[in-house]
Amino acid sequence: MSRFEELYEAVLSGDNGSAAATTRDALEQGADPQQLIDEGMIPAMAEAGRRFEEAEYFVPELLLAARAMKAALELIRPMLSAHQTEMKRCVVLGTVKGDLHDIGKNLVAAMLEGAGFDVVDLGTDVAPEQFVEAAREQSADLIGLSALLTATMPAMKATIDAFEKAGLRDRVKVFVGGAPLSDSYAQEIHADAYADNASAAVRVAQALVGG
Ligand code: B12
């Protein structure tokens, strides 16, 4: 088995110890960090997402795969500085004001990172102004909003309105998700897109940035 296949298997099976060890060994032997991401981690997360959509994997398996990917990514990240000068698409992500649910949002963040996006995760209970400020600071391409409570769904609209007010709405694409949401709600609040799971979120994000 090649080191890429080993990393693929480790991430897909959610074995974070093996994912980290394989990555460390491969780096010590001179493997290209970007290739470890492109040929090991990204295909593994894509397969984990596919299995989730086909109901072959459930949330725990997806979380374990995301954790394994993160363990490997932590080792690779410092070595990517050379690559980071390349144009990387930036996503500012967060759970909207009043809402503390972050499991789904964290999965989306991990999958986006795995797919090569630069993710700035603002955490939970994020006020509209914080999203605007971060988007401005990071020159973000995309804003991802998560809400799990019907009571906090209006905070998504307030956040989108804040981007309008700040004159930034034309510069960023907004995509939304969370269990109580729907495509029609996303349209109603003038979001650019909606995704109902983490791998769909990656596809939507890629489509929004045109790649
Ligand atoms: C875990 C949980 C909690 C945990 C949260 C822990 C954490 N760190 O997140 C705790 C215990 C803290 C909690 C608290 C509360 N909760 Co709660 N909670 C849940 C529960 C059981 C699971 C949510 C979850 O993690 N699902 C798994 C993840 C993977 O799925 P997901 O979040 O939907 O994310 C996926 C997609 O939606 C999408 N997605 C998510 N975000 C984004 C973002 C973008 C940009 C995109 C594109 C896609 C996307 O991709 C994700 C991955 O596939 C749900 C019930 C349920 N089955 O949904 C209730 C639930 C959401 N909670 C509920 C309630 C009422 C509360 C409380 C008000 C309870 C209380 N009385 O205190 C508080 C509110 C606290 C607050 N202010 O937020 C209700 C909401 C009802 C409603 N319609 O509003 C639910 C539905 C339970 C119920 N049936 O009553 N909760």
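Which residues does Ala65 touch, not counting residues up to four places away in sequence? Select Ala65 and you'll find Val11, Leu12, Gly14, Ala44, Met45 and Ala48, where touching means C-beta atoms, placed from the backbone, within 7 Å.

Before moving on: this is a predicted model, where local features need pLDDT of at least 70, side-chain atom pairs count only at pLDDT 80 or more, and totals for chains, interfaces and linings use all residues. Residues are numbered from 1 along each chain as its sequence is written.

Next, colour by domain: the assignment, automatic or from a database, gives domain 1 (3-84) and domain 2 (90-208). Their C-alpha centres sit 24 Å apart. Where they meet, 13 residues of domain 1 contact 11 of domain 2. On the domain 1 side, pick helices H3 (33-53) and H4 (59-76), which each supply at least two residues; H3 gives the largest share, seven. Helices (H or I, at least four residues) and strands (E, at least two) are DSSP runs, numbered from the N terminus.

Now go to the ligand. It has 29 residues around it, with Ile103, Gly104, Gly144, Ser146 and Gly177 coming nearest; a residue counts if its C-beta atom, placed from the backbone, lies within 6 Å. Show helix H6 (103-114), strand E3 (142-146), strand E4 (173-177) and helix H10 (198-208), which each give two or more residues to this shell. H6 gives the most, five.

Technical notes
Contact = placed C-beta atoms within 7 Å.
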